[in-house]
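Have a look at the sequence and the fold first, then read on.

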Amino acid sequence: MTTAATRPSDRRVSPVFLGILAVSAVTGWATWTGFAAEPGLAVFLFVTSAWVVSLCLHEYAHARTALHGGDVSVGAKGYLTLNPMKYTHALLSVVLPVVFVIMGGIGLPGGAVFIERGRIRGRWKHSLISAAGPLTNVLFAVVCTAPFWLGAVDGVPPAFRFALAFLALLQVTAAILNFLPVPGLDGYGVIEPWLSHGVRRQVEPFAPFGLLFVFALLWVPSVNGVFFDAVDGLLGVLCIEELDTYCGFDLFRFWRGPDELRCGL
């Protein structure tokens with residue numbers, strides 16, 4: 001087990017993360033001002049980079065909570081630097097979630113940070129560590145939807161409004177799906193400390209496949225319809241119309257060509 005305590009360099013924000021954040025800021029500006037010759041490309045880069053930023057914050061929340069819970073090894077592993085290159089599985093933690101977004105407009109963070117659970121004492125601490133990630137997505141969703149439920153979208157360029165609505169949808173879907181009590185997802189991590197040892201041993205072999213199982217289940221039309229009806233209903237409460245998220249996803253997939261008639265672009 002790693003025994004080194006965290007050093008100041010272990011907590012320094014990574015230039016990689018700052019670069020991704022800069023891409024998000026620049027492409028967000030290009031989307032807002034209409035500077036980009038192809039608004040769809042600007043929306044794609046803005047949403048993708050902002051989504052990766054939220055993935056980094058999601059994993060940082062897990063690591064930071066684990067640090068306060070007793071796992072000082074997270075610093076030496078680079079988890080506190082917000083650098084996605086330090087994650088345990090680059091494919092699962094960054095590439096696969098972006099592919100999920102492109103294929104189906106679904107926000108689903110993958111496993112990224114390895115917490116040394118043996119260092120942590122207390123079931124509540126274990127549950128909080130697991131809950132910290134999706135709670136970050138909830139906070140991100142609140143920020144993205146704030147202009148809508150505050151009535152501050154008047155005068156906002158349509159392309160930026162659509163992009164923000166689609167980004168909010170990704171955060172809402174990420175929060176809902178991650179809170180499912182499915183092995184391998186954070187929702188199961190919340191309840192796992194409270195299960196008997198025998199149940200945990202029986203469920204453990206299925207953990208590596210939980211993420212893929214959920215994504216495959218969402219491809220079933222009936223399940224997909226019920227899920228997105230619930231998501232649209234929740235976004236509606238937050239004053240985001242289904243047309244906004246539709247147009248955001250439509251612009252995001254710029255290679256298909258935008259639905260200019262429906263979206264009014």
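## A buried glutamine

Gln171 has 0% relative accessibility and counts as buried; here buried means under 20% relative accessible area, exposed means over 50%, and partly exposed is in between, using a 1.4 Å probe and protein chains only. Gln171 sits in helix α6. Helices here are DSSP runs of H or I with at least four residues, strands are E runs of at least two, and both are numbered from the N terminus. Setting aside neighbours within four places in sequence, Gln171 is in contact with Trp51, Ser54, Asn137, Phe140 and Ala141, where contact means heavy atoms within 4.5 Å.

A word on the ground rules: this is a predicted model, so local features need pLDDT of at least 70 and side-chain atom pairs count only at pLDDT 80 or more, while totals for chains, interfaces and linings use all residues. Residues are numbered from 1 along each chain as its sequence is written, and side-chain values use heavy atoms, with hydrogens and water left out.

## The overall build

Along its principal axes, the C-alpha trace spans about 55 × 45 × 35 Å.

Buried residues make up 49% of the 265 in the chain. Of the contacts with a separation of 6 or more, 73% are between residues 24 or more positions apart. The accessible surface comes to about 12,800 Å², and 69% of that belongs to carbon and sulfur atoms; these areas come from the Shrake-Rupley method with a 1.4 Å probe, and for residues only the protein chains shown count as cover.

## The nonpolar core

The largest nonpolar core has 68 residues, and those with the most contacts inside it are Val47, Val74, Phe166, Leu170 and Phe252. Such a core is a set of buried Ala, Val, Leu, Ile, Met, Phe, Trp, Tyr and Cys residues joined through side-chain atoms within 4.5 Å. The elements giving two or more residues to this core are α1 (15–33), α2 (39–69), α4, α5, α6, α9 (210–217), α10 (221–237) and α11. Helix α6 supplies the largest share, 14 residues.

Val74 touches Ala63, Ala66, Leu67, Tyr79, Leu80 and Ile115, not counting residues up to four places away in sequence. Over in helix α4, Val98 counts as buried at 15% relative accessibility. Beyond its neighbours within four places, Val98 is in contact with Thr48, Trp51 and Val52.

## Salt bridges

How many salt bridges does the structure hold? There are four, each being a side-chain nitrogen of Lys or Arg within 4 Å of a carboxyl oxygen of Asp or Glu. Glu116 pairs with Lys77, with the closest N and O atoms 3.2 Å apart. Glu116 lies in the loop between α4 (90–104) and α5 (123–149) and Lys77 in the loop between α3 (73–76) and α4, so the pair ties together parts that are 39 residues apart in sequence. Glu116 is buried, at 10% relative accessible area, and also forms a salt bridge with Arg119, where the closest N and O atoms are 2.6 Å apart.

Arg161 and Asp244 meet in another salt bridge, at 3.4 Å from N to O. Arg161 lies in helix α6 (residues 158–178) and Asp244 in helix α11 (residues 242–252), so this pair ties together parts that are 83 residues apart in sequence. Arg161 is partly exposed at 21%, whereas Asp244 is buried at 7%. Shared partners also join Asp71, Lys77, Glu116 and Arg119 into one network.

Leu135, Val138, Leu139, Val142, Val143, Trp149, Leu150 and Phe179 make a nonpolar surface patch of about 740 Å². Patches are made of residues with over 30% relative accessible area and no salt bridge, with like charges joined within 9 Å and nonpolar side chains (Val, Leu, Ile, Met, Phe, Trp, Tyr) within 5 Å. Val143, found in helix α5, is exposed at 56% relative accessible area.
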